[in-house]
Each structure stands twice: as C-alpha cells, then as structure tokens.
Amino acid sequence: MLESSFKLPGQTAFYKGKVRDVYTIEDRLMVMVVSDRISAFDVVLPRPIPYKGQVLNQVAAIMLDATKDIVPNWVKSSPLPNVTIGLKCETFPVEMVVRGNLTGHAWRTYKTGQRVLCGVTMPDGLKENDFFPTPIITPTTKAHEGHDEDISREEIIAQGLVSKEDYEQLEKYTLALFERGKEMAAKRGLILVDTKYEFGKIGDTIYVIDEIHTPDSSRYFYADGYEENQKNGTQQKQLSKEFVREWLMANGFQGKDGQQVPEMTDEFVNSVSERYIELFENITGQKFVKEDVAAADAESTIIAALKSL
C-alpha cells in the first residue's frame, strides 16, 4: 500500500507522515496505516518498497507485546498486517535515540574529531562499530517536516520540552527497552546496535508509541563474525535501513538542497524488499507471509475493528 484515503467513523484528524498515514478517531484513538513508502535523509524516496509496511507493522507488534511489562504501549489491536489501532497520546516532542555502538551518525561525528554528541562525551580510542562502554542516549527533536535536530538532555529540560521528572523516566524506559531489545536480538544471533523510541502521555501515564526495534528505527549487526570484522577493520554485516542510506550516498545523494534522488531500478527496489523480509525473519524467528490487502477491504476491516473498541 502506497497511501490511504479512508473515511472512518468518528474521524477528527488525518496526518500523512513520511511513511505512515495516521487517522485520529474521536480524539481518543489513532489508526496508523504503515505504507510501503520509504524515507532516507528525511526525504521520501520516489518508489515504494513492496511489503515494507507489513514488515514494519508486524515487527513492531511483536516487539511491543514483548516489552509491555517494562512500559505500557499504545496498541489496542492490529486488524490488518500493515495497520495498528491504539491510544491517542500527547506526544513528547523528542525522540529518544540510544546507541550501543559507534555507528552511523555517531561515527560520522566522531571521525571529524568531535567527542561530544547531544551533550554526551564519547571516549577516545574507539573504532567504527566498537561498543560504547555503556549505551548512550542521544536525543533529537521531533520534526513534522524537515530534519530532526540533535539536542542534549540539558537543553530539553531547560527549554521546557519535557519536564525533568518525565525526562528522567523516559531515560529509564529507553535503557530498559534497549536492554530487552538486545537480549531478544542476541537469541537470534544479532546485535541491536542502536534504535530510537517515541513516547506519549495520557494523564500521568507514559506510553511507548509508534514502532520499536524495526529496521526503520533500528540497526542490527550479525553477531557471528562481529569480533573478526572489528579486528580486521572490515565492515559489519548488518540488517537495517542503513544500506539504503549508503546506496544513496554512493550515488551522490544525502538530502541536501539541489541533490537529485538517484534512479531506483526494479532490481534495487526488490533487493530492498528482500532485505526487509530478511530482517523480519531473522529478528522474529518467524516465516514472513506476504499479504496483499485491497484498499476497500482494508477500510471495512478497520471500521469493524473500531466498533469493537
């Protein structure tokens, strides 16, 4: 599904994100349709990735269910392979990014000689993909459009984006979720390298929202061969969206003004789809079953699910 245009009973708002179409119902519930759109460098790429929405939604459902003992989550039901219905929360305007390894944005910052990222000091002497002594939290602002921006814990609290009490709780939840995610990944022969969490609040209760531990929000390495690759200075074999970013960078695109997205061939699109399915099967241990849903059938199924809530 590339995009949706449902008319749902009690609908009070609609928001089209980079990947998700979100319907608000009676200001109480949210229907999240995870499309096959794909974004990188905060730009939606011109071609959808088959079954990507199903992969993201189903991985998130499994991971949220496996962590509900740590923090409540927003999910009420998942009536379709790419649709979740859940509670509408007041969203915190920051994303909690947690990193176990010096990879991606952290590494790009580190190799310039900088040692402070989002107010966190990174130790000297690390190589790309090395483990940090302990996981670090490097939050970002949550932008509806354009780029998310790095921000420090101190700035978040000083600017009143999140209260000190709530932010300290978000940190505790973030580290606990990341630890659980790492444990689950290890059982599947994977390393959860870094990820991000979004949180919201209803009354005094904090909920984890959106998706967790998916290939769009996380980066995984294969544990087998990790030490040898680090020793030899070779790249880690990974399961994440980073390979899409790397392909774009190799073809001269980083989301900067004036840059054109390179042509996405059928071969490339299919390879991305296969990588998403590979991650689903590796991280969940389940066989992925492709499900095609017609828009008309999807709308009626969602309406029936809403009536039961």
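Which residues touch the most other members of the largest nonpolar core? They are F199, Y220, V272 and I283, in a core of 59 residues. The model is a predicted one.

**Cores**

Helix α7, residues 266-284, gives the most to this core, with 8 residues. Leaving aside neighbours within four places in sequence, F199 is in contact with T91, F92, M96, L170, Y173, T174, L177, I206, Y207, V208 and I209. A second, separate core holds 15 residues, among them Y23, I25, V31 and I302. In soluble globular proteins, nonpolar side chains tend to be buried together.

**Salt bridges**

The whole structure has 21 salt bridges. Three of them are set out here.

| Pair | Closest N to O |
|---|---|
| K142 and E95 | 3.8 Å |

How exposed are the partners? D65 is partly exposed at 46% relative accessibility, and K68 is exposed at 53%. D130 counts as buried at 13%, whereas K127 is partly exposed at 44%.

K142 and E95 form a salt bridge that links distant parts of the chain, 47 residues apart. K142 sits in the loop between β13 (140-141) and α3 (153-158). E95 belongs to strand β9, residues 94-101. Why does E95 count as buried? Its relative accessible area is 5%, and buried means under 20%. K142, at 28%, is partly exposed. Salt bridges with shared partners also join E95, K142, K196 and E198 into one network.

Terms used
Residues are numbered from 1 along each chain as its sequence is written. This is a predicted model: local features need pLDDT of at least 70, side-chain atom pairs count only at pLDDT 80 or more; totals for chains, interfaces and linings use all residues. Side-chain values use heavy atoms; hydrogens and water are left out. A nonpolar core is a set of buried Ala, Val, Leu, Ile, Met, Phe, Trp, Tyr and Cys residues joined through side-chain atoms within 4.5 Å. Buried means under 20% relative accessible area, exposed over 50%, partly exposed in between (1.4 Å probe, protein chains only). Helices (H or I, at least four residues) and strands (E, at least two) are DSSP runs, numbered from the N terminus. Contact means heavy atoms within 4.5 Å. A salt bridge is a side-chain nitrogen of Lys or Arg within 4 Å of a carboxyl oxygen of Asp or Glu.
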